Amino acid sequence: MSQPLEIAGLADPVPPLGVGTWAWGDKGTWGMGGYDTDLTTASIREAWEASLAAGVTFFDTAEVYGDGESERIIGSMLADDRSAGTDRSGVVIATKFMPYPWRFNVRSALLASARASIDRLGIDRIDLYQIHGPTSLRSHAALADALAAAHEAGLVQAVGVSNYSIKEMAAIAAQLERRGLRLATNQIEYSLLRRRPETGGLLAACRDLGVVPLAYSPIGQGRLTGKYSAANPPPGRRGFSAHPMALVDRVVDELRRIGATHGDRTPSQVALNWLMAKGTLPIPGAKNRKQAEENAGALGWSLSDDDVAALDEAALEGTSSLQNRFWQHG
Ligand SMILES: NC(=O)c1ccc[n+]([C@@H]2O[C@H](COP(=O)([O-])OP(=O)(O)OC[C@H]3O[C@@H](n4cnc5c(N)ncnc54)[C@H](OP(=O)(O)O)[C@@H]3O)[C@@H](O)[C@H]2O)c1
């Protein structure tokens with residue numbers, strides 16, 4: 001059964017499943033005010049509440065999601081809850097600093113970004129602060145310095161990275177260690193549509209370093225839920241690990257087959273359970289109550305070893321890390 005995960009730097013273990021909030025406030029990719037007219041502040045509030053009610057308390061956002069709008073929305077949920085007297089002290093907020101190449105003074109840029117995120121979120125301190133990708137022109141030492149300064153200033157509690165290769169992760173972990181900090185997490189695209197982090201050794205490297213892998217786009221940006229198919233492709237831009245839908249359909253067939261043997265678990269629940277079985281913390285996006293409740297249904301039960309092996313067999317390798325460098329600000 002999936003157990004809470006220890007994240008270096010956080011006082012308490014976190015549930016092994018979170019929520020990704022890229023879609024919250026994002027107009028371009030996910031359709032807020034665009035193709036998806038059902039994505040509204042009210043539907044997001046329902047997703048927020050349904051997640052928390054199910055014990056899913058870890059929320060991932062970024063300064064670039066909807067240009068800060070995703071953080072603002074989370075801030076307004078927390079503020080409303082505070083006014084209603086609801087205790088949200090168990091909520092864990094992870095956000096990210098975008099290391100644009102032109103942010104050459106990375107220390108002052110990161111400190112300013114962390115303060116701006118804290119303002120938008122309306123919190124005292126960021127629980128987990130992640131470098132969004134290895135795109136800085138500055139050294140690992142300079143980035144580690146900036147993270148250590150934010151930690152020392154009390155702006156952030158735990159520190160992580162995202163989209164880092166094995167080599168990059170080891171390098172920044174070593175630099176952080178010199179400054180008395182542990183690298184807590186590496187957020188990567190990992191799903192049945194992109195098994196590469198496992199087959200390429202990144203997961204094993206995370207284990208060796210005590211780094212928790214956060215699996216992003218864990219249900220293939222909706223393509224592993226079973227609602228899309230070759231005959232009914234997803235709307236909008238779902239560019240990560242963009243396989244022909246006919247190949248995705250085969251993976252979904254296997255998810256359905258295995259789900260049926262566990263009391264009608266849905267394809268999303270099986271896909272998320274597989275990621276938890278691998279020791280990662282998946283952060284599926286949820287736009288409404290139904291999606292949040294369904295995704296939370298990945299908790300509380302486990303795939304058998306045979307199921308995991310069958311899914312390993314069905315999984316697609318996905319894009320290389322180099323291609324993933326051009327991730328779309330997700
Ligand atoms: N660090 C990075 O570079 C990076 C990159 C990408 C993502 N991320 C993070 O990872 C999170 C999740 O990734 P993601 O949003 O790209 O992809 P995802 O979690 O695989 O897919 C989320 C989308 O799938 C659909 N969906 C979710 N649950 C569903 C359900 N139960 N039934 C049917 N449809 C469902 C929704 O879109 P529709 O309803 O429109 O289909 C939802 O927006 C992001 O929110 C973000 O926090 C990070």
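Which residues of β7 point one way, and which point the other way? Val212, Leu214 and Tyr216 point one way from the strand, Pro213 and Ala215 the other way, and all are buried. A residue counts as buried if 20 or more other C-beta atoms lie within 10 Å of its own, as exposed if 12 or fewer do, and as partly exposed in between, with C-beta atoms placed from the backbone.

## Basis of the model

This is a predicted model, in which local features need pLDDT of at least 70, side-chain atom pairs count only at pLDDT 80 or more, and totals for chains, interfaces and linings use all residues. Residues are numbered from 1 along each chain as its sequence is written.

Helices (H or I, at least four residues) and strands (E, at least two) are DSSP runs, numbered from the N terminus.

## The sheet

Eight strands form an open sheet in the order β1-β2-β3-β4-β5-β6-β7-β8, with parallel pairing. Two strands pair if DSSP finds at least two bridges between them. The edge strands, β1 (18-20) and β8 (281-282), each pair on one side only. In general, strands of a sheet pair through backbone hydrogen bonds, either parallel or antiparallel.

Strand β4 (residues 126-131) is joined by five bridges to strand β5 (residues 156-162), and the two run parallel. Within this pair, Tyr129 stands opposite Val159 in β5. Helix α5 (residues 166-178) packs on the sheet, where it touches β5 and β6 (183-189), and its direction makes about 160 degrees with that of β6. Axes are lines fitted to C-alpha atoms, for helices over the stretch in contact, and angles run from 0 to 180 degrees between N-to-C directions.

## Strand β7 and its partners

Because five of the five residues of β7 are buried, the strand is largely enclosed by the rest of the structure. On one side, five bridges join β6 to β7, and these strands run parallel; Gln187 stands opposite Leu214 in β7. Two bridges join β7 to β8, again running parallel, and Ala215 stands opposite Pro282 in β8.

## Two residues with positive phi

Most residues other than glycine have a negative phi. Asn163, in the loop between β5 and α5, has a phi near 60 degrees, a positive value in a residue other than glycine. Asn163 is buried, with 22 other C-beta atoms within 10 Å.

Gln221 has a positive phi of about 55 degrees, although it is not a glycine. Gln221 is found in the loop between β7 (212-216) and α8 (245-260). Because Gln221 has 28 C-beta neighbours inside 10 Å, it counts as buried.

## The nonpolar core

A nonpolar core is a set of buried Ala, Val, Leu, Ile, Met, Phe, Trp, Tyr and Cys residues joined through C-beta atoms within 7 Å. The largest one has 89 residues, of which Ala114, Tyr129, Leu147, Val159, Ile172 and Leu183 touch the most other members. Helix α9 (residues 267-277) gives the most to this core, with six residues.

Two residues are in contact if their C-beta atoms, placed from the backbone, lie within 7 Å. Leaving aside neighbours within four places in sequence, Tyr129 is in contact with Thr95, Phe97, Ala114, Leu147, Ala150, Val156 and Val159.

## Helix pairs

Helix α8 and helix α11 (residues 305-314) pack at an angle of about 170 degrees, with their axes 10 Å apart. They are therefore roughly antiparallel to each other. Angles under 35 degrees count as roughly parallel, over 145 as roughly antiparallel, 65 to 115 as roughly perpendicular and the rest as oblique. Arg250, Val251, Glu254 and Ile258 of α8 make the contact with Asp307, Ala310, Leu311 and Ala314 of α11. These residues divide into five nonpolar, no polar and three charged. Here Ala, Val, Leu, Ile, Met, Phe, Trp, Tyr, Cys and Pro count as nonpolar, Asp, Glu, Lys and Arg as charged, and the others, Gly among them, as polar.

Helix α2 (residues 69-83) and helix α3 (residues 106-121) pack at about 45 degrees, with their axes 7 Å apart. α2 and α3 are therefore oblique to each other. Their contact is made by Glu71, Arg72, Ile74 and Gly75 of α2 and Ser117, Arg120 and Leu121 of α3. By class, it has two nonpolar, two polar and three charged residues.
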